[in-house]
Amino acid sequence: MWILFALLSALFAALTSILAKVGIDGINSNLATAIRTLVILVMTWGIVAFSGIQNQLAAISARNWWFLIASGIATGASWLCYFKALQIGEVSKVVTIDKFSLVLTILLAFILLHETLSLKIIAGCLLITAGTLLVIL
């Protein structure tokens, strides 16, 4: 089931880039990001309310809160930079560099979370890096 959700995530991410590129035409990228964030905020809290899980808020630990807040700050910074890059760059190149985050995530997971790196993962990261360079140069 996770593969289905991962594929849907990839599809929606692709649509996000195309729709955003058209949507930011002629407006400030930070304003566009704020509008997008508001839509996401309403949508996700609607899902929480519809699911009836808002009562689980009290059970979230301080550690969870701090890491979720930090993740939110990183997401916000990423979106602001992404929308600015989309506004002034070509979608195909912006998205390629943005997806290079996969390699950075694997490296950070190795360093910070002590996840293992197999030869297959290293080879994949090298291929993604080469592909990224091929597309943007």
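These questions and answers work through a predicted model, setting values against cut-offs.

Q: What makes up the secondary structure of the protein?
A: The protein has six helices and zero strands. Read along the sequence, the pattern is α-α-α-α-α-α. The C-alpha trace spans about 50 × 45 × 30 Å along its principal axes.

Q: Why is serine 29 called buried?
A: Buried means under 20% relative accessible area. Serine 29 has 2%, so serine 29 is buried. Serine 29 sits in helix α2 (residues 29–51). Leaving aside neighbours within four places in sequence, serine 29 is in contact with Phe83, Lys84 and Gln87.

Q: Why does serine 17 count as buried?
A: The cut-off is under 20%. Serine 17 has 5% relative accessibility, so serine 17 counts as buried. Its place is in helix α1. Not counting residues up to four places away in sequence, serine 17 touches Tyr82, Leu86, Val91 and Val95.

Q: How do you know that alanine 20 is buried?
A: Set its value against the limit of 20%. Alanine 20 has a relative accessible area of 8%, so alanine 20 is buried. Alanine 20 is found in helix α1 (residues 2–23). Not counting residues up to four places away in sequence, alanine 20 touches Phe83 and Leu86.

Q: How far apart are alanine 20 and tryptophan 2, in sequence and in space?
A: They are 18 residues apart in sequence. In space they are 26 Å apart, C-alpha to C-alpha.

Q: How much of the protein counts as buried?
A: Of its 137 residues, 12% count as buried.

Q: What makes a group of residues a nonpolar core, and which residues make up the largest one?
A: The members must be buried residues of listed kinds, among them Ala, Val, Leu, Ile, Phe and Tyr. They must also be joined through side-chain atoms within 4.5 Å. The largest nonpolar core has eight residues: Ala20, Ile24, Ala32, Tyr82, Phe83, Leu86, Val91 and Val94. α3 (62–88) and α4 (91–99) each supply at least two residues of this core. The largest share, three residues, comes from α3.

Q: Which residues does leucine 86 contact, leaving aside its neighbours within four places in sequence?
A: Leucine 86 is in contact with Ser17, Ala20, Lys21, Ile24, Val91 and Val94. Leucine 86 is also one of the core residues.

Q: Where do α1 and α3 meet?
A: Ser17, Ala20 and Lys21 in α1 meet Tyr82, Phe83, Leu86 and Gln87 in α3. The two axes come within 9 Å and cross at roughly 65°. α1 passes α3 in a right-handed crossing.

Q: What makes α4 and α6 parallel or antiparallel?
A: The angle decides. The axes of α4 and helix α6 (residues 119–136) cross at roughly 160°. Angles over 145 degrees count as roughly antiparallel. α4 and α6 are therefore roughly antiparallel to each other. Their axes come within 9 Å. α4 passes α6 in a left-handed crossing. The contact is made by Ser92, Lys93, Thr96 and Ile97 of α4 and Thr132, Val135 and Ile136 of α6.

Q: Why is the pairing of glutamate 90 with lysine 93 called a salt bridge?
A: The side-chain nitrogen must lie within 4 Å of the carboxyl oxygen. Here the closest N and O atoms are 3.9 Å apart. That is within the limit, so the pair is a salt bridge.

Q: Are aspartate 98 and lysine 99 buried, partly exposed or exposed, and why?
A: Aspartate 98 has 24%, so aspartate 98 is partly exposed. Lysine 99 has 44%, so lysine 99 counts as partly exposed.

Q: What share of contacts joins residues 24 or more positions apart?
A: Such residues account for 72% of the contacts with a separation of 6 or more.

Conventions. Residues numbered from 1 in each chain as written. Predicted model: local features only at pLDDT ≥ 70, side-chain atom pairs only at ≥ 80, totals over all residues. Heavy atoms only, no water. Buried < 20%, exposed > 50% of the residue type's maximum accessible area, 1.4 Å probe, protein only. Helix = DSSP H or I, 4+ residues; strand = E, 2+ residues; numbered from the N terminus. Contact = heavy atoms within 4.5 Å. Axes fitted to C-alpha atoms, helices over the stretch in contact; angles between N-to-C directions. Parallel < 35°, antiparallel > 145°, perpendicular 65-115°, else oblique. Left-handed = near helix turned anticlockwise from the far one by under 90°.
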